[in-house]
Amino acid sequence: MTIPELLTHLAFFVFGALTLVGALITVGTRNLLHSALGLVLALVGVAAIYFLLEAEFLAVVQILVYVGAIAVLILFAVMLTRGLMTAGLPAFNGQWIAAAGVALLFFFIFFFIAIGTHWPIKNFQVTTDLTPKIGEQLMTTYVLPFEVASLLLLAALVGAIVIARE
Amino acid sequence: MDFLNNLFTNLYDNVKVLLVDALKSSGLPADAQGVLVALVLAVIVITAILIFAPVTFLALTYLERKLVGRMQNRIGANRVGPFGLLQPIADMIKMFTKEDIIPANADRLVHTLAPIAILIPTVMSFAVVPFGRNMQALDLNVGLLYIVAMGSLGTIAVFMAGFGSSNKFALIGGMRAVAQIISYEIPQVLTLVTILLLTGTMSLQKIIDAQSGWGGWQWYVFAFPVGPIAFIVYFLSALAEVNRTPFDLPEGESEIVAGHMTEYSGMKFGMFYFAEFLNMFIVCMIAATLFLGGWQGPFLPPWVWMLVKTYALVWIAFWFRGTLPRFRIDQLMGFAWKVLVPIALINIFVTTVLLPLYNSLGF
């Protein structure tokens with residue numbers, strides 16, 4: 001293993017640990033605000049791993065969408081919910097068996113998909129800018145999902161303006 | 001002249017040559033030498049940015065006091081040093097020596113982490129800013145989006161400060177800040193789409209290169225009619241995103257003390273202040289890069305041009321602060337959703353219609 005590879009591995013483990021710590025805080029703490037901030041840490045860690053894999057577009061979009069929008073939305077929801085902010089909420093409620101079942105189900109689905117998939121490793125480095133290619137693919141091969149998503153977002157935007165006008 | 005033009009790039013190259021020579025005799029394996037050179041050079045560049053940031057901060061605080069003072073028919077800071085030039089140093093010493101108070105009911109961890117969290121994305125933004133010809137720490141292919149992403153990370157830190165303080169004013173300030181930043185991000189990103197359509201790239205370096213023709217008349221601010229509109233919408237929404245007057249409701253001192261910074265004292269308050277000024281500076285640098293041709297210009301060295309353009313925009317921001325009253329919160333949100341977003345959307349539409357014309361003109 002050459003030294004640059006070693007450094008890349010080291011960085012991967014650092015960011016992986018960051019992600020895992022964030023995930024553990026998210027599910028482990030009883031303070032809902034800390035949970036949400038732990039989620040932010042995990043999402044930023046994933047973005048850092050994307051950067052490491054030279055998927056810069058994906059990394060930046062990960063931060064923009066997940067941290068900049070969804071995490072903020074979660075924080076807002078926490079803040080506007082009365083009574084959730086007091087520290088030391090009970091860790092279990094009546095739905096814990098169902099929740100555990102669903103979580104286990106998802107774990108096994110992902111586990112078997114990850115085990116069963118053949119992950120091809122190409123032995124060359126991507127040097128060109130991939131963002132235009134992503135754009136081209138969205139406009140040709142994947143144009144239908146792209147149009148459906150943009151229609152949904154446009155409807156949301158127009159709806160927001162209408163609500164703001166009232 | 002050539003010496004001044006390439007002052008920093010030559011310095012960088014010379015240090016690199018020195019390092020390579022020094023390591024050649026060390027007997028380390030070749031790839032270890034390469035890694036070591038790269039690491040040392042990275043540390044040097046990062047250190048340069050980390051020195052540039054506080055120096056800029058000091059300069060900006062002094063300039064703001066002096067300029068706003070002049071606009072309001074006052075003299076401004078003039079006690080410490082000649083023309084009050086040492087005032088920022090005195091302020092810095094004061095910040096560092098003040099007592100650090102954490103409120104009894106505050107969430108200690110979140111309260112302490114917030115000022116650190118707000119500074120990280122701010123300093124990270126500098127990584128992709130082109131300071132001059134070949135003076136960019138990292139030419140990311142997605143530089144434009146990276147800047148926006150770093151701007152949106154600051155939201156979380158403001159939120160942490162507002163919530164971690166256990167103070168009603170801090171909470172209101174935090175909520176206002178988050179609502180405002182999210183709202184103004186939309187027109188900001190939509191105007192960036194205009195630039196994206198004109199250039200077809202998100203690399204800041206390539207965007208500057210695309211504005212090089214016609215002796216300055218190819219700057220995107222001159223791409224009539226969409227360029228000037230995009231520039232104004234971008235500048236206004238960016239100022240709102242970094243909480244500058246007249247959009248500084250999150251810290252409106254006449255209503256909610258100091259918003260999310262209410263409970264902070266000493267250097268923690270200083271870090272918020274630091275981040276705010278640097279964010280404004282970065283926004284002005286990006287505006288200069290996207291619309292005013294970046295570091296390009298006649299006679300002066302490129303890095304001087306970059307600073308001249310940036311400080312001209314900073315001066316406009318101070319001018320706003322000196323002359324305009326603060327918005328009301330409902331007016332603020334209305335301005336984003338009812339004025340800026342529709343303008344930006346129409347602007348994108350006009351750009352796509354006129355795109356063949358712009359392309360034939362070489363924009």
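Visitor: In which hand does H9(B) pass H12(B)?

Guide: The crossing of H9(B) with H12(B) is right-handed. Please note that this is a predicted model.

Visitor: At what angle do the two helices pack, and how far apart are their axes?

Guide: Helix H9 of chain B, residues 226-241, packs against helix H12 of chain B, residues 302-323, at an angle of about 65°. Their axes are 12 Å apart.

Visitor: Which residues meet there?

Guide: H9(B) contributes Phe231(B), Phe235(B), Leu236(B) and Leu239(B). On the side of H12(B), the partners are Leu313(B), Ile316(B), Ala317(B) and Phe320(B).

Visitor: Turning to salt bridges, how many does the structure hold?

Guide: Over all chains, there are three salt bridges.

Visitor: With which residue does Glu64(B) form a salt bridge?

Guide: The partner of Glu64(B) is Arg321(B), and the closest N and O atoms of the pair are 2.8 Å apart. Glu64(B) belongs to helix H3 of chain B, residues 30-71, and Arg321(B) to helix H12 of chain B, so the bridge ties together parts that are 257 residues apart in sequence.

Visitor: Is Glu64(B) buried or exposed?

Guide: Glu64(B) counts as buried because its relative accessibility is 5%, and the cut-off for buried is under 20%. Arg321(B), by contrast, counts as partly exposed at 36% relative accessibility.

Visitor: What does Asp91(B) meet in a salt bridge?

Guide: The side chain of Asp91(B) meets that of Arg65(B), at 3.8 Å from N to O. Asp91(B) is in helix H4 of chain B, residues 87-97, and Arg65(B) is in helix H3 of chain B; the two are 26 residues apart, and the pair links distant parts of the chain. Arg65(B) has a relative accessible area of 38% and is therefore partly exposed.

Visitor: And which residue meets Lys268(B) in a salt bridge?

Guide: That residue is Asp100(B), with an N to O distance of 3.3 Å. Asp100(B) lies in the loop between H4 and helix H5 (108-125) of chain B, and Lys268(B) lies in helix H11 of chain B, residues 266-291, so this bridge ties together parts that are 168 residues apart in sequence.

Visitor: What is the relative accessible area of Lys268(B)?

Guide: The value for Lys268(B) is 11%, so this residue is buried. Asp100(B) is partly exposed, with a relative accessible area of 42%.

Note on methods
Residues numbered from 1 in each chain as written. Chains lettered and ligands numbered in written order. Predicted model: local features only at pLDDT ≥ 70, side-chain atom pairs only at ≥ 80, totals over all residues. Heavy atoms only, no water. Axes fitted to C-alpha atoms, helices over the stretch in contact; angles between N-to-C directions. Helix = DSSP H or I, 4+ residues; strand = E, 2+ residues; numbered from the N terminus. Left-handed = near helix turned anticlockwise from the far one by under 90°. Contact = heavy atoms within 4.5 Å. Salt bridge = Lys/Arg side-chain N within 4 Å of Asp/Glu carboxyl O. Buried < 20%, exposed > 50% of the residue type's maximum accessible area, 1.4 Å probe, protein only.
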